[in-house]
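Q: Hello! Could you help me learn to read a few features of a protein model?
A: Gladly, let us look together.

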Amino acid sequence: MENKRVVITGMGAISPLGLDVPTMWQNAVEGQSGIRPITLFDASEFEVRFAGEAHGFDATSYMPAKEARRADRFTHFSVAALEEALAQSGLEITAHNATDVGVIMGSGIGGVESYTKELEVLQTKGPRRVSPLLVPMISIDIPAVQAALRTGARGPNMGLSSACATSANAIGQAFETIRRGHAQAMFTGGFEAAITPIALATFTRMRALSRRNDDPAGASRPFDANRDGFVMAEGGAMFVLEDLDSALARGAEPLAELAGYASTSDAMYVTAPDPDGIGVARCMTLAMQRAGVSPGEVSYINTHGTSTLLGDPAETQAIKRAFGDFAYQIPASATKSMHGHLIGGTGALEAAITVQALREGIIPPTINLETPDPACDLDYVPNQARRADLKVALSNSIGFGGHNATLVIKAFH
C-alpha cells in the first residue's frame, strides 16, 4: 500500500504563553516569558518557587462546573485545546466517518494533582471518602477518552507515555496510523498539569530545576553558560491530522504537512542523556530519511533545549552528528526559554510553534541567551525573532529514560 500523505488541519494550545494558538504564538515571537511565581499552591517553603502556569485558565469556560470537578486539570487542558483545534479544522464526525477517526493522546505523569488530593482525603477522612472517580481522573488515557466522547470518534483510541518525549511520540504514532491507512483523521497531542507540591519537590530534590527565584523570567536559559536547570510548566497542544486526499476533498486548508517521524532510545541512563547525543542524532537522521528530506533542506530546528547542564550540550552534539557541516547553517531555537518545560505536553506545544514558524516565516527566539556556552556553539537565534524562508523544520523531544522523538514538518503550499 502506498503511504498516505498527512497534513495538519487544526491546532489548539493551552500554555504559559497563552490559552490559544494565536496568543501563544504572538508572545513567542515577541520573546515574552510566561514564567512567574507559583500561584496554584503556597510554594513559600519550597526551594523553587516559580513555574510556567497556564495563567487565567478556567475549566468552567469549557465544561460545566460539576464535570470539571470530576476531571483533573490536565484533562481540562485537553478539552479546551480540542475545542480550538476542531473549530480551526472544520472536521465534522458523522455516522459515515466516525470509525475512520481516532485519537492518540499523551501525558508524562497524568492526574498527579487529583492523586495527591485524594491521598490526603484517604489519610485525613478515611477510605469511604475517596472519590470513586479517582482512576479515570488520573489515568493517562483519559484525554483520549474525552476526545472520543465529545466528538464521537470511533477509530483507534489510546493514551501514550514516554516522559518528556510523550506528546511528540503521540503525534508520531497518530501520523503513522493515518499513513498506513488505518484512519483518515486523528486527534493527537499531549498535556501535563504537574505544577503540584509533590512534583515540584521531587524535581527539586533531583536538582533538575533552576533556582533563580529572584528572576523567574530569566530562569530558563537554554545553551547559556549560566543555566542552572529547567523550569516546570503546564499545558500542551492538540492537533487534527488528516489524510491529505480526505482533507482536500472536504475543502480543508492544511496548515502544514507532517512528513516524517522517528523514535529511538539511548538505553543508557534514567535521568541523564547520552552526552555524545548518539540516540538523538540517529532519531533526527531516521526522521529525515523517512520524510525524504536531506540535511541541507532543513531550514529550522525547534530544539528540546531544556536549560540543563547535561542536556543542552548533548543535543548540540546530536545536531552536529546528524547534520555535519550543515549544523552551523541551520537556526535552532529553544522556546522552553519562554514557556518552560511542559513535561509530557512539551513536544506538542513545540510542534505547534514549529507549524506557526513555517506558516509565518518567523523563527521564534531563544531568550535569556546572554553568555553562550562554548560547548553549545550553533545558531540558537538569541533573544530576537528572525524572519526566514522556511520550508522544512524538525521538532526534537528528549525524555528521561533515554526517550527520543523527532517530527519532520513541511510548509504546505
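Q: Is Asn383 buried, partly exposed or exposed?
A: Asn383 is partly exposed, as its relative accessible area is 32%. (Buried is under 20% relative accessible area, exposed is over 50%, and partly exposed is in between, using a 1.4 Å probe and protein chains only.) Asn383 sits in the loop between β11 (362-363) and β12 (386-387). Its phi is positive, near 70°, in a residue other than glycine. Please keep in mind that this is a predicted model, where local features need pLDDT of at least 70 and side-chain atom pairs count only at pLDDT 80 or more, while totals for chains, interfaces and linings use all residues. Residues are numbered from 1 along each chain as its sequence is written, and side-chain values use heavy atoms, leaving out hydrogens and water.

Q: Where is Phe223 found, and is Phe223 buried or exposed?
A: Phe223 belongs to the loop between α8 (197-205) and β7 (235-243). With 1% relative accessibility, Phe223 counts as buried. Phe223 also has a positive phi of about 70°, although it is not a glycine.

Q: How are two packed helices described?
A: By the angle between their axes and the distance between the axes. Here, α10 (residues 278-291) and α11 (residues 311-323) pack at about 40°, with axes 8 Å apart. That makes α10 oblique to α11 (angles under 35 degrees are roughly parallel, over 145 roughly antiparallel, 65 to 115 roughly perpendicular and the rest oblique).

Q: Which residues of α10 make the contact?
A: On α10 they are Ile278, Val280, Ala281, Met284, Thr285 and Met288, where contact means heavy atoms within 4.5 Å.

Conventions:
Axes fitted to C-alpha atoms, helices over the stretch in contact; angles between N-to-C directions. Helix = DSSP H or I, 4+ residues; strand = E, 2+ residues; numbered from the N terminus.
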